[in-house]
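Let's take a walk through this protein chain. Have the coordinates open as you read, and follow along from one region to the next.

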Amino acid sequence: MPMGWCFILVCSGLFPAASPNAPRALDSFVPADSAVWVEVTKASQWGQAAADDQLGRWLMHVRPVHRFARAWRQMQLMLDLTGPQMIQQYLGKKVILLSPPPEASLGITPAPGSAPGNAPETTTAPTLVLLSKVDRQALTQLVKKLELTELQNLGRFTLYQTPDEQTLLALSPEDQVMAITATAHQKYLTQIVQNSHRTLDQQTAFQTWNQQVPAQAVLRGIVRGNDQQSHRFYLTPTEKGLVAHYVGRMPQWDAWLTRFAPIQRREFGPLPAKMMAALSINIHDNAPADAGRLDRILEPKNYRKDIQPKLGQSMVFFLEQPAKDQMIPALGIALEMKDPTLGGDLDMYMKNLMLVASMTMQRQSLQRTPPPGSSPEQRLPMPIQARLVQHNQIAYRTATVGNVQIRQSGKKIVKPVHLSWGTIGKWYVVSSDEQTFKHCVEGCPPQGCAKTGCPMHEKVLAPTDIQVPAMADLRVQPKMLANHISQMVTRWQADNKDPRKAILFQKTLSFCNVLKRYQQLQISVHYDDAKQIIAQCKLVTQP
């Protein structure tokens with residue numbers, strides 16, 4: 001692998017903080033039509049902070065540069081530097097990653113040794129250029145110790161090539177700038193360092209967006225594609241964790257997104273207190289279509305005419321922490337209802353669904369090879385039978401729909417799956433475990449389901465500038481999820497002595513230790529009147 005590209009690869013794993021004054025700003029080299037512009041600042045400080053932060057240490061270990069350790073170590077030996085020292089000297093101030101628009105005519109430099117007059121060699125590698133602020137002394141050491149070959153002068157820059165002839169470096173001691181790209185992309189590199197173009201920082205739209213980005217943002221970027229696609233994002237550290245913000249336009253999704261644009265805030269419904277994760281999405285279809293398969297089970301009802309008008313806006317998928325003697329978490333779905341009579345329609349749907357499931361299991365049983373001496377009647381499984389029961393004066397139905405085999409302490413344990421369903425307040429809930437359904441009942445007192453102490457019902461930490469309701473809200477309790485995954489992995493380790501899986505188990509446990517430091521993960525997705533997708537992610541640390 002070309003040594004110079006290690007500089008580019010390391011950037012994807014860094015999350016750094018603000019840029020110092022310099023003889024000439026890196027932004028002045030960025031073409032206005034760049035398809036990709038990603039800026040990372042003060043990576044050296046982030047690397048130092050990682051020593052005291054578990055998430056930082058974990059990211060430093062999994063960043064892509066470690067996949068190319070041989071070239072990285074070779075550069076360390078030639079420069080006589082450690083990995084952190086290399087980052088501090090050559091990537092530690094400010095780094096910008098650039099790519100031209102796909103339709104740009106960049107030209108391809110012929111491969112070394114090719115005959116004159118031959119057609120340029122094509123390449124499938126993406127055109128990328130990395131710009132970095134580097135001290136003069138460090139640039140001088142780079143030329144000497146990497147044994148770079150000088151090719152030509154480009155104004156304030158001098159163009160060099162690595163000994164393997166695969167990577168180009170344009171260095172400017174006057175501006176304290178280093179630019180790196182593959183040899184095949186020499187024309188694009190030349191255009192950038194000669195500054196023969198209108199720059200991104202001169203665009204009014206970019207200036208307006210950049211002013212809205214918090215000053216403490218450590219990562220920011222713009223990605224533009226064909227068909228008016230655009231993506232803008234930034235990452236900001238806070239006292240309580242990290243905040244990521246995204247705004248994008250994807251015209252090919254407009255028709256679908258317009259159909260499901262919400263008109264009010266998302267709700268999470270009757271969730272149990274020990275909830276590991278919950279996702280609330282909008283299900284109100286502004287232009288409902290026919291649902292043929294559903295109509296077959298809903299007969300004589302019709303989904304579009306009888307069911308969809310009675311649905312509320314929110315549908316919630318949730319995951320509850322299992323009991324200590326279980327390994328599989330319980331899954332559940334909650335549908336918001338505008339009309340309470342919808343509960344009866346959905347009861348009929350579940351009854352018909354159980355009938356279809358019973359007939360399917362009996363047909364599959366008859367198709368299997370029968371045991372010697374058995375009759376067809378003996379091979380037929382019992383039909384699924386639902387029982388009507390109550391909990392806290394809430395009636396619901398539960399049925400054993402199958403069994404799950406798990407391995408625990410070296411033994412196979414068979415656990416029945418008690419599917420349960422019914423109406424809880426203004427919600428219709430279906431869960432894979434009866435105890436989970438009871439916990440949902442307990443999570444919806446008479447004063448309303450959103451008044452419980454479940455952490456999922458806490459107010460979304462959304463910015464004040466997002467005025468439109470969210471299309472989807474995701475809440476995760478990382479510590480609870482990590483504890484459960486750790487228990488599962490520990491049990492699997494006890495039952496599986498394969499040394500090849502030991503490394504995977506260890507890395508999983510290491511990642512769980514990182515998650516345990518965080519209290520909550522929140523992701524909200526919005527769609528505004530300008531047909532923009534707006535997303536925000538917040539990672540909150542433990543108090």
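What you have here is a predicted model, so local features are described only where pLDDT is at least 70, side-chain atom pairs count only at pLDDT 80 or more, and totals for chains, interfaces and linings use all residues. Residues are numbered from 1 along each chain as its sequence is written, and side-chain values use heavy atoms, with hydrogens and water left out.

First, the overall picture. Of the 543 residues in the chain, 46% are buried. Here buried means under 20% relative accessible area, exposed means over 50%, and partly exposed is in between (1.4 Å probe, protein chains only). The chain exposes about 28,500 Å², and carbon and sulfur atoms supply 54% of that. Those areas come from the Shrake-Rupley method with a 1.4 Å probe, and for residues only the protein chains shown count as cover.

Now to the charged pairs. A salt bridge is a side-chain nitrogen of Lys or Arg within 4 Å of a carboxyl oxygen of Asp or Glu, and by that rule there are 11 of them. Take Lys-94 and Asp-27, whose side chains meet at 3.6 Å, N to O. This pair links distant parts of the chain: Lys-94 is in strand S2 (residues 94-99), while Asp-27 is in the loop between helix H1 (5-11) and strand S1 (36-41), 67 residues apart. Both Lys-94 and Asp-27 are buried.

Next, look at Glu-39 and Arg-220, a salt bridge with its closest N and O atoms 3.5 Å apart. Glu-39 lies in strand S1 and Arg-220 in strand S8 (residues 219-224), so this pair ties together parts that are 181 residues apart in sequence. Again, both Glu-39 and Arg-220 are buried.

Asp-347 and Arg-397 make another salt bridge, at 3.9 Å, N to O. Asp-347 is in helix H12 (residues 342-367) and Arg-397 is in strand S15 (residues 394-408), so to speak distant parts of the chain, 50 residues apart. Are these two buried or partly exposed? Asp-347 counts as partly exposed because its relative accessibility is 24%, and Arg-397 is partly exposed too, at 32%.

Rings of Phe, Tyr and Trp (its six-membered ring) pair if their centres lie within 6.5 Å; planes under 30 degrees apart count as stacked, over 60 as edge-to-face and the rest as tilted. The structure holds five such aromatic pairs. One of them is Trp-37 with Trp-209, edge-to-face at 6.3 Å centre to centre and 85° between the planes. Trp-37 is in strand S1 and Trp-209 in helix H8 (residues 204-212), 172 residues apart. Trp-37 is buried, with a relative accessible area of 1%, and Trp-209 is buried at 6%. Ring pairs link Trp-37, Phe-206 and Trp-209 into a cluster.

Further along is S18 (470-476), where six of the seven residues are buried. Strands pair if DSSP finds at least two bridges between them. S18 pairs in the antiparallel sense with strand S11 (residues 275-282) over five bridges, and Ile-281 stands opposite Ala-472 in S18. S18 also pairs with strand S19 (residues 518-527), antiparallel over six bridges, with Arg-475 opposite Gln-522 in S19.

Finally, visit helix H6 (residues 136-145), where Ala-138, Leu-139 and Leu-142 are buried. They sit on the same side of H6 because they cover an arc of only 105° around the axis, the arc being that of the directions from the helix axis to the C-beta atoms. The face turned away from that buried side carries the exposed residues Gln-137 and Lys-144. After H6 comes Glu-147, with a positive phi near 55°.

Definitions and conventions. Helix = DSSP H or I, 4+ residues; strand = E, 2+ residues; numbered from the N terminus.
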